Structures are given as structure tokens and as C-alpha cells.
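Please keep the sequence and the coordinates at hand while reading.

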Amino acid sequence: MNITLGTKAETLEALLNAGFNVPKVFYFGTGEWEKDSDSILDRICQNFAEDNAVVVRSSSVAEDGREASAAGSFESILNIDINERSSLKDAITKVIASYDSCEGDQVLIQPMISNIEASGVIMTRCLEDGSPYYVINYDDESGKTDSITGGQGVSKTIFIYKGFSLEYFSSKRVKKMMELVYALEKVFPKIPLDIEFALDRNLDMHLFQVRRICTVKHWHPNVESIVSTKISFVENFVSNYFKKRFGVFGERTILGVMPDWNPAEIIGVTPKPLAASLYREIITRSTWRKSREMMGYIKNVPEELMVLVAGRPYIDVRNSFNSFLPAGIKPEVAEKIVSGYIERLDKNPQCHDKVEFEIAATVFDPCFDENFKNRYLGLLTESEFEHYREKLLELTNFNLDQKNTLLPAYESIEELKSRQKMYPKLDSEISFFELTSILRSLLNDCIEFGTIPFSIIARHGFITESLLRSLVYKKVISKERVEEFKRSIATVSGEMSKHFNEICSSGSHEVSAKKKFIAKYGHLRPGTYDILSFKYSDRENLFSKIPSCQATTQIHKDFVLTPAERKAIDEILAGSGIENIDADVFLEYSAKAISGREYAKFVFTKNLSLILDGLALWGEKIGLTKEEVAMLNLPDIMDSLYSHLDSSVYGHYEELVRKGKKQFELANYFKLSYLIRSPADVYVVPQHRCAPNFISSKKVEAPIVTVSSTSTENENMAGAIVCIESADPGYDWIFTRKIAGLVTKYGGTNSHMAIRCAEYGLPAAIGCGEMLYDKISSANFCSLDADLKQITPCEMQ
């Protein structure tokens, strides 16, 4: 079959004649219209007499070219009544008026297709980089034919590896879509295609458009072979990794980017090798496990929490769920529980960023009995349930006694703070070997006195949140009163905003005040683990062009329970078996857990920032740039302390940088989902649509400002809803800009930014997921209603 891609109308006509299910085609040149529009209108009415409505579509020679698609540049008008001649004429005139008056421009008329089950667009390669995936973006809710191309409505996206066989698809709809794609690829071999379609309720595919993807010139020439040669190894790794593991409860696992220590939020979904290996070293290798064992959770085999799949970081959910089991639990009960948790997550993937609240029981609270039995009916026998309940309650009572784990963790953080005063200054006078040795000491201190106690305090934060939620659910205190309590807690972020406000309010911006601010907060950086992210002390514009009115204010008011609240909380805690703690002591404990988590993070990240500065200096000494050091794995750097190199230092690490760049490149070319639930997910990748975590009960409508780790500090954000992909403490400076609301791509209900927004009473949608976040961040204006749990992009008002 020999068909050449022409204008939209010419291509569709050729495909219709070749047997494809293309809606009836009628087109004419703009020159013909100028000469005799009445005759053309007569022919249209005659050709579509049996159709109720038509669509008037652009078919300009400026569209669908090799260099540019001009997608959406010209008008297309839907649902024109064929019997309304004046409306039809007006629509054609409007379409032609949108053209650039090129010779050969046409107008395409087709019947409106109704009874739509799904509509969308299929790319036969990834648009951005040419990775070998079919990308299906479709809407199966609105019933419209243009919801995807028009950027409206709810959409779903699936990436399908090009080598994956059709026989493995269980979805009839996806099979129909792929059958059309395969047929078109035979007609246009070796041409990356952009296909517009609709699927009706009879499962008949209607072809609306075929054009070449015009971004080919930007693709890596070997991108297809890069992915194709590695993907079978990735599948094999996942297959083996999912099997039963010695000493670990659970028959299989699930991998996720957001559960537990959520790497997507902290280091991103495609971190550079140094960031990923640094995070592994101080958190996911053993810190996560040791801190929980100290709190009375089960002692686990020395498994790691995070695994890299094609260079992308994932949390091993099975290992995570094992670590939440209370010490002393019977093995047969533990096996059932972990398997039950994994099964529930498999069936409810939307909970992947809420596992501590929607999947796993990590603490005993007054709602435990009801929640567990509703979610896992029949999973345990009555005696097994009572055994589990008893052990979880023991663990909870142990940790609610502050002297057991919370206060010792605070003491360790203070020890780290003292040690930081004695660290040697890192400068060019230090030898290469001595510098590496100092970095090793900084890492050891960061783990022992920083991330381990921080992990303990953070877990207390989850205990607090679970108990507060249960009290709200039991109606002994309102959600609004809990928000009021959280706003009463003084935190590092609030203190920083106050200091920043004082500097901005002083007309002269006193130099001494700025120096004090930088001395205290200068180590913070938006990308906490990213060597390429500038810390506050390196940002020249941190205080520039910020009027005093733009600093976000936070008023801490003393929070006091009413007598009725105090009595009700006392009764429900005692009645649940939670001992030695009353309502006032519980609030004191909760305040320490919430503020302590942020304080501990603030302190240990100073070590982390020093380590990143030291690594940059280390690279400089051997002739590597920061960008090159970012491509190294931390163990390769530290191993130079214990083993001599067989080649020049620069030559040795230059080769490792080259390998790191390939690893990072591979991570970006691979398309992997937020959750990997089976080896097949390596080939078929649905983008999970996350349910955002809404903070506060407020509503705001405001313009959008998108912020990244490279954003300038003097950007005007006052009164705007700020969008951030991966938020961490280094972004706390945004709260000095009097923002109206916050939207993040990643993050859970108890994440850093969720706590910050609760503290400020700021409306927020935390952890929107990729599709919703991209839609919001690309809009000019947004409506965020935290009370109704709705977030909607809208036109500028």
C-alpha cells in the first residue's frame, strides 16, 4: 500500500479509500471557497444530508509538516447543525480566517461521531525523546471527541513498549486501539506517527487524523536500541526481585516511588547517581530499619528499603510492611498481615502515597479495630487478631512515653548540633585523602546522630497524625480544632519566615541581620541531596526585590482544649487501652513530634550540605566539575580511602562519570510507573492518577507560579498558587513570599510540605501525581478548594 502523508484531508481521504474506518471526508480549497461559497455549501448539505451535525476542520498546508505540526494553531469547529446553513458558513469562514493564507490551504468537513466510549491520541514513539513506546492518552469519561486535543477533561495515559505482544493485553479497548496502530504502521513504516481517534460503544475505532511526529530531530539517534537492549534485563531483575525472600514475610512485593521514605518527593523519579547513592547511604541502606527496631518494631533481616530499577528509585513495599510489624508478633500472623497489605495496595494503587494511613497499621489508635476489620475481613482468626492488637498496643504505649524513644532522639540531634561546631573548615588547603576522610566522618555523624534520630522523630509524627485522625473520626475534636492546634506549634520554618520578615520589614535590610540569617539557614537548598542545587548562602538574590508586604506571616496562638474536649479525649484514650497519657500530655507529645521532625531535619541537613560542599571540593581537586561529580556513586568516591587506584585519579573517575551518565540517560529513556505490581508493568505502564492530599478547609483562586530548584528567589509569588514537583525543606523560602496556596506533584499527607501548609493554614493539594500536576502547572490560573477536595485549572479571571 503506497500512501503519502499529505494535508490532513488528503491523508484521511487516502486512508478511507484504503479501507480504514475514517468518517466521511469532504474537502475544498480556500481558493474555491472565495470563488463560489454557495456552490460548496450546496455540495456539503447534499453529502451530509443524512447526518445531523458536522465538524468543520482545518486542513492547512502549514499543519502536520516535517518540522512543525502547528497542532491547535488553527480553528476547528464541532457540532454544526447541517440544516443551519448560516452557521455552517460562519464556521467555515472562521476556520479560514485562522489560516496564514498559504496556497493550497483546505477546509475539511466530516460528520460528528456520537456514542463515544473513549477518544484520544496515540503516539508511536515518546514525543519528547523518541523512546520506543506507544503512548496512549485518552478520555473515557466526557464522551467528547476533542477532550484530549483540546486539553480538557479527565485523561488517562498508558505507555506500551513497542516490543510487547498484543496477546498479553486484557483490555478490549486497548487491544482495539493497538490494532489500529499496527495497521497504520504497516502503511507508514519507519515513520513515527501521531494518531487521533475515537472508540464508540460498539468498540469500533474511528480514525480522525494521522500525521508524523515532528520532534524527531531532537531525539538521540540510538534511543530505541538503548532501551531495547536493556528492557529484558530490567524485566528479569524485577521477576527475580519479586520472589519469596529468605527471612522476609510476604510471598511477593510491590515497588513504588511514593510509599514510606518516598524517593520521588525527596530525590525525584530520575535522580542523578550521586543523589540516589547518598540517599541510600544515609537513609535506605539501614537507617530506616534500625530506627524502627529501636522503637519496638520487629527486628528485620538486613534488607535495604530502596532498589534502583533502570536507574529509577523504588521502595520495596514488602520490606517496608515488614518493618511496621510490632516486635514479638508470631511469624504465621506476620506472614498473613504482610500479604494482606500487599494485596490491598495491589487492588488500590491510588493509595500508594498513603500506605501508613490506608494500607498498613503502623500504630494502635482508637479506630484500629474498625479499620482493620473493614479492610481485612477474614484475614486473621479472632485469636490472631487479638494477638496482633496486643503487640501493636504495647508498641504504641511504649513510644507514647517520651523518655523511651522521643526524648533520646532529641538528645542525639543536639549531640550532632554540638559536633557541627567542631568540624574543620573545608578549603583548598586540605589534601585529597584528608578531605575524603573528613567526608567519611561527616557521613557517619549524619547517620548516627542525624538520620537515625530523625527517623524516630518522624515516626512519632506519624503516630501523632494517626491518633489525631482517629480523634476527629470519633468526633471528640473537630478537624478545624486540630488544624488550629497544628498552627499553634512553633517550628523551624515559622521561625525562619519570622526572621526573613524582620529583614524585609527593615528598610535598610541590615547587613548584620542578613549575616545572622545566613549563618543559621544558609545550608538549606531546594534539592537537599542535589550537589547542583544552590544553598541559601550561595543565592545572591535571596533578599533582593522582596517588599516587606510579601513575607508570609504566621501567628502562633496558645492552644487550649475545652473542658469537653479534654474529657472526651481522656475517655477515648483510656477506653482504647492507651495508658499513662491524658489529653494534655498527648498534645504536648504531639507538638514535640511535629516540631521535632522539622527541627531534626533542619539539623541533619547541615551535615548533608557540608558533605555536598566537600564532594564539590573533592571533585575540583581531581579536575571534575560539579556536573561530573553528580554522575558518580558515593561508594566509588569513599572507596578511595580503603583501596589504591590502578590508574590516575582523574582517569579512574572520568570512566565512572561516563558510566554514571549512561545510567542517568537510561533512567530518563525508560518509562516506568509509580507502582510496579508485576514484571509485566515494565512493558505496559499506566500512569496512576493520584488523589491529592488536601490541606486546610480553605478555597483560593489565584494565578499559577511554577518553582524549581533553579528558580530565582526574586520572582513575584505574592498572591499566587505555587507549583513544586519535589518539595523538601530547601523550598521553605517560598513561605516568605506570601503565597496563596501550594500544589506539589509528589508528597503524602504527612510530608514536609503538608506539615508546613497546615502550620500556616495554607490551602494546598499535596501529591497530585504527574497528570494532574502537569495540567495545573501549565495553566495560568487555578481554583483550589481544599474543603470540597477539588483542584481545577481555569482561565485567567
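How many disulfides does the count come to? The count comes to zero disulfides. The structure is a predicted model, and every value below is computed from it.

## Cysteines

A disulfide is a covalent bond between the sulfur atoms of two cysteines. The cut-off applied to a pair of cysteine sulfur atoms is 2.5 Å. For Cys367, the closest cysteine sulfur belongs to Cys351 and lies 16 Å away, so the distance is too far for a bond. Cys367 counts as buried, with a relative accessibility of 5%.

Cys768 has its closest cysteine sulfur in Cys723, at 7.9 Å, which is also too far for a bond. Cys768 counts as buried too, at 2% relative accessibility.

## Helices α16 and α17

Two packed helices are described by the angle between their axes and the distance between the axes. Helix α16 covers residues 432–473 and helix α17 covers residues 479–487; their axes come within 9 Å and cross at roughly 150°. The two helices are therefore roughly antiparallel. The crossing of α16 with α17 is right-handed.

On the α16 side, the contact involves Glu465, Leu468 and Val472, which meet Lys479, Val482, Phe485 and Lys486 of α17. By class, the residues of this contact are four nonpolar, three charged and no polar.

## Positive phi angles

Which residue in the loop between α16 and α17 is of interest here? Lys475 is placed in that loop, and its phi is near 65°, a positive value in a residue other than glycine. Lys475 is exposed, with 76% relative accessible area.

Asn115 is not a glycine either, yet has a positive phi of about 60°. Asn115 sits in the loop between β4 (106–111) and β5 (116–123). With a relative accessible area of 37%, Asn115 is partly exposed.

Is Val743 buried or exposed? The relative accessible area of Val743 is 0%, so the residue is buried. Val743 belongs to strand β18, residues 741–744. Beyond its neighbours within four places in sequence, Val743 is in contact with Ile721, Val722, Cys723, Ile724, Ala765, Cys768, Tyr773, Ile776, Leu784 and Ile791. Both cysteines of the 7.9 Å sulfur pair, Cys768 and Cys723, are therefore among the contacts of Val743.

Ile704 is 39 residues from Val743 along the chain, and the C-alpha atoms of the two are separated by 9.5 Å.

Thr30 is found in helix α2, which covers residues 30–35. Thr30 counts as buried at 13% relative accessibility. Setting aside neighbours within four places in sequence, the contacts of Thr30 are Ile96, Tyr99, Asp105 and Gln106.

Where is Arg252 placed? Arg252 is in the loop between α6 (223–241) and β10 (255–256). Its relative accessible area is 26%, so Arg252 is partly exposed. Leaving out neighbours within four places in sequence, Arg252 is in contact with Phe242, Arg318, Ile342, Glu343, Asp346 and Arg677. Asp584 lies 332 residues from Arg252 along the chain, and a distance of 43 Å separates their C-alpha atoms.

Notes: Residues are numbered from 1 along each chain as its sequence is written. This is a predicted model: local features need pLDDT of at least 70, side-chain atom pairs count only at pLDDT 80 or more; totals for chains, interfaces and linings use all residues. Side-chain values use heavy atoms; hydrogens and water are left out. Buried means under 20% relative accessible area, exposed over 50%, partly exposed in between (1.4 Å probe, protein chains only). Axes are lines fitted to C-alpha atoms, for helices over the stretch in contact, and angles run from 0 to 180 degrees between N-to-C directions. Helices (H or I, at least four residues) and strands (E, at least two) are DSSP runs, numbered from the N terminus. Angles under 35 degrees count as roughly parallel, over 145 as roughly antiparallel, 65 to 115 as roughly perpendicular and the rest as oblique. A crossing is left-handed if the near helix is turned anticlockwise from the far one by less than a right angle, and right-handed if clockwise. Contact means heavy atoms within 4.5 Å. Ala, Val, Leu, Ile, Met, Phe, Trp, Tyr, Cys and Pro count as nonpolar, Asp, Glu, Lys and Arg as charged, and the others, Gly among them, as polar.
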